[in-house]
Amino acid sequence: MSPATARRKRTGRARDALLGAVGVLVAFAACEALSRSGMVRRAFLPPASEVLVRAVELGGDTAFLNGVGATLEAWATGLALACALAIPLGLLLGSVPAAGQAARVLIEFLRPVPSVALIPLVSLLLGAGSETTTALVTYACVWPVLFNTVYGLGETDPLAKDTLRAFGFGRLAVLLRAGLPSAAPFIAAGVRIAAATALILAVAGEILAGFGEGLGIFIAQAGMATDGTRDVLAGVVWAGALGLVVNLALTAVERRLFPWAPEHRGSRT
């Protein structure tokens with residue numbers, strides 16, 4: 001890639017970041033103006049500055065941080081379990097057509113079932129606590145990782161596989177030497193998508209379940225309190241900030257591990 005193209009890419013990313021920051025500032029100013037002007041009652045929409053101050057204050061609250069830690073623990077555990085299940089299964093289904101055909105009906109049956117619909121059943125089986133959130137996160141995150149793995153294997157260069165077979169490599173060796181490296185960027189993208197899904201579901205599952213500890217529990221309890229809107233929105237700010245940090249971190253890891261991927265070419269030039 002030429003230096004000019006690399007500069008254009010860097011300029012485009014800087015412009016996108018600037019536009020994103022401008023959007024945040026505009027939304028902040030609009031919320032502040034609506035609340036302080038009296039157009040919207042403060043009980044429904046507190047000033048954005050007060051919400052931001054409360055979010056900062058929560059950073060020094062040990063009980064709140066313990067809840068955030070419990071949510072992140074359930075998020076990380078569920079995501080790790082989903083990857084441990086989905087990646088080997090995706091490699092199997094993508095490399096053995098008969099297995100993929102045999103499992104298609106079951107997968108298409110289970111995939112549309114929303115994880116939140118399983119909260120009563122999982123709560124009954126596992127009881128209150130992080131185990132319920134972890135199970136729900138695992139179920140939801142399996143699908144993006146699984147389908148990205150299968151799709152990535154489908155994009156493997158046939159010439160590379162034929163060359164390895166011509167040199168006497170077996171199916172497993174071809175999978176590990178050609179299929180897995182080809183699918184790796186797709187798997188990483190699936191993990192990044194699943195990570196965002198996992199965080200959303202971890203918080204939403206805690207809110208709907210209404211028991212245990214976590215960021216979602218804090219938001220749910222604040223929502224039932226008198227004048228708790230500020231705390232609810234402060235908790236939402238924390239959830240959004242965590243999601244942004246996770247996405248930026250995983251995107252940076254993708255760029256470092258797979259610089260040859262089309263969407264990352266030139267990003268390190």
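**Pocket lining.** I began with which helices line the largest pocket in this predicted model. Helix 1 (3–36), helix 2 (48–58) and helix 10 (229–257) each supply at least two residues of that lining. Helix 1 gives the largest share, with 9 residues.

I then asked which residues sit nearest the centre of the largest pocket. They turned out to be Ala-17, Gly-20, Ala-21, Val-24 and Leu-244, out of 20 lining residues. Sorting the lining by class gave me 16 nonpolar, 1 polar and 3 charged residues. For the space inside the largest pocket, I noted about 720 Å³.

**Where the pocket lies.** Why does the largest pocket lie between domain 1 and domain 2? Domain 1 (1–40) and domain 2 (45–257) both contribute lining residues, so the pocket lies between them.

**Ends of helix 7.** Next I looked at helix 7, residues 158–166. Its N-terminal end is capped by Asp-157, which places a side-chain oxygen 3.1 Å from the backbone nitrogen of Leu-159. After helix 7 comes Gly-168, and I noted that its phi is positive, near 90 degrees.

**Record against model.** Residues 74–97 are 96% helix and 0% strand, with end C-alpha atoms 34 Å apart. For residues 166–187 I found 82% helix and 0% strand, and the end C-alpha atoms lie 27 Å apart.

Methods. Residues numbered from 1 in each chain as written. Predicted model: local features only at pLDDT ≥ 70, side-chain atom pairs only at ≥ 80, totals over all residues. Heavy atoms only, no water. 1 Å grid on protein atoms, 1.4 Å probe; cavity = no way out; pocket = protein on both sides within 12 Å on 5 of 7 lines; lining within 4 Å. Points joined across faces, edges and corners; volume = space filled by probe spheres on them. Helix = DSSP H or I, 4+ residues; strand = E, 2+ residues; numbered from the N terminus. Nonpolar A, V, L, I, M, F, W, Y, C, P; charged D, E, K, R; others polar. Domains from an automatic or database assignment. Polar contact = N/O pair within 3.5 Å; in protein donor to acceptor, adjacent residues only side chain to side chain.
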